[in-house]
Amino acid sequence: MTTPFTRILVPFDGSEPAQVALGYAIELGRAGAKIVLANIVNEVPLITQSATTVAVYDPTPMIEALDGQARVVLDEAESRCRGAQVDAIPALFHEMPVAGIVRLAAAHGCDLIAMGTHAREGVARAFLGSTAEGVLRSSHIPVLVARSGAPRAGMPIFRNVLVAVDDSEPSHAAVETAAEIARTLHAKLTLCNVADTRDLYDKAATYGYDPQEIADELLDQARGIVDEASRRTALEPPPSTEVLEGEPVAVLVAEAARLAADLIVIGSHGRSGLRRLALGSVAEHVVRRSPAPVLVVRT
């Protein structure tokens, strides 16, 4: 068996989500990928605080203590990789987390970032933010985000993959990546388009017209999209295809559960700033809600 990825960056802080992400990276490593283990020490808050408090102090001892803790964490992860007979390169660096992760992945020639997330929602997410979401918006290579359900050692991973499909460039890239996973890991693919007809039915109820003809047209377009995506994979036998209706995030997560999918693959434009706030991101919401790992692919 070969792997669709050759070098994987794993931001590792010792937390449970990071342990889960490392588990997936190790299983991909068993298939031939190399792992870069990264721990980030963000010294900026310490330096800023030392210069702005009433009693100015030297932050060096605190930074050195954090470095020591980071090395212990990296040693633990490296030992786990070594026990699985997977090559791993430890990397300790000082930088802002999101920028550092993206830059380190580029410096090491990585073609995948595998990281954990606590998948916070509501007030906790708004207040604390998310390094994982920052990386999703910034990275130009695929990002595998995991929150639970680490694979059992030595078991085949990604046997049953659900791919979210629409008519966009990120979706085309996601389909290509999913097809490569299917070829190299012998996974089964299901290509799914979710037609969001909620607004159509709401307006039909308000203005008193029959929405069925328009709904049928939308569903026909959706079937054309998944059929074209299936042809694009060039897989034999071709992937299964589905067209569903409803709110895209909820439908995708529910369908992944129904299929017992062990991976969701989805494309993302990686928007940030005002554009992201205005348009939102189906990929980010799927990451927050899905118990299964999610692979987010940019163009």
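How exposed is Glu 247 in terms of relative accessible area? Glu 247 comes out as partly exposed, with a relative accessible area of 24% (buried means under 20%, exposed over 50%, and partly exposed in between, with a 1.4 Å probe and protein chains only). The model is predicted, so to speak of local features takes a pLDDT of at least 70 and side-chain atom pairs count only at pLDDT 80 or more, while totals for chains, interfaces and linings use all residues. Residues are numbered from 1 along each chain as its sequence is written, and side-chain values use heavy atoms, with hydrogens and water left out.

Glu 247 forms a salt bridge with Arg 289, with 4.0 Å between the closest N and O atoms (the rule asks for a side-chain nitrogen of Lys or Arg within 4 Å of a carboxyl oxygen of Asp or Glu). Glu 247 sits in the loop between strand E8 (240-245) and helix H10 (248-259) and Arg 289 in helix H12, so the pair ties together parts that are 42 residues apart in sequence (helices, H or I with at least four residues, and strands, E with at least two, are DSSP runs numbered from the N terminus). Arg 289 is partly exposed too, at 37% relative accessibility. Salt bridges with shared partners also join Glu 133, Arg 137, Glu 284 and Arg 288 into one network.

Within that group, the side chains of Glu 284 and Arg 137 meet at 2.8 Å, N to O. Glu 284 belongs to helix H12 (residues 282-289) and Arg 137 to helix H6 (residues 131-138), so this contact ties together parts 147 residues apart in sequence. Glu 284 counts as buried, at 5% relative accessibility. In total the structure holds 17 salt bridges. Another one pairs Asp 87 with Lys 34 at 3.0 Å, N to O; it links the loop between H3 and strand E3 (88-94) to strand E2, 53 residues apart. Both ends are partly exposed, Asp 87 with a relative accessible area of 49% and Lys 34 with 35%.

On to the strands. Six of the eight residues of strand E2 (residues 34-41) are buried, and E2 pairs with strand E1 (residues 7-11) in the parallel sense over five bridges (pairing takes at least two DSSP bridges between two strands). Leu 9 has Val 36 in E2 as its bridge partner. Strand E9 (residues 263-267) is mostly covered as well, with four of its five residues buried. E9 runs parallel to E6, with three bridges, and to strand E10 (residues 294-297), with four bridges. Val 163 partners Val 265 in E9, and Gly 267 partners Val 297 in E10. Val 265 also has its C-alpha 6.3 Å from that of Ala 174, 91 residues away along the chain. Ala 174 lies in helix H7 (residues 169-185) and is buried at 0% relative accessibility.

As for aromatics, the count comes to one pair (ring centres of Phe, Tyr and Trp, the last by its six-membered ring, within 6.5 Å; planes under 30 degrees apart are stacked, over 60 edge-to-face, the rest tilted). Tyr 24 and Phe 158 are stacked, 5.6 Å centre to centre with 5° between the planes. Tyr 24 is in helix H1 (residues 16-30) and Phe 158 in the loop between strand E5 (143-146) and strand E6 (160-164), 134 residues apart. Tyr 24 is buried at 5%, and so is Phe 158 at 4%.
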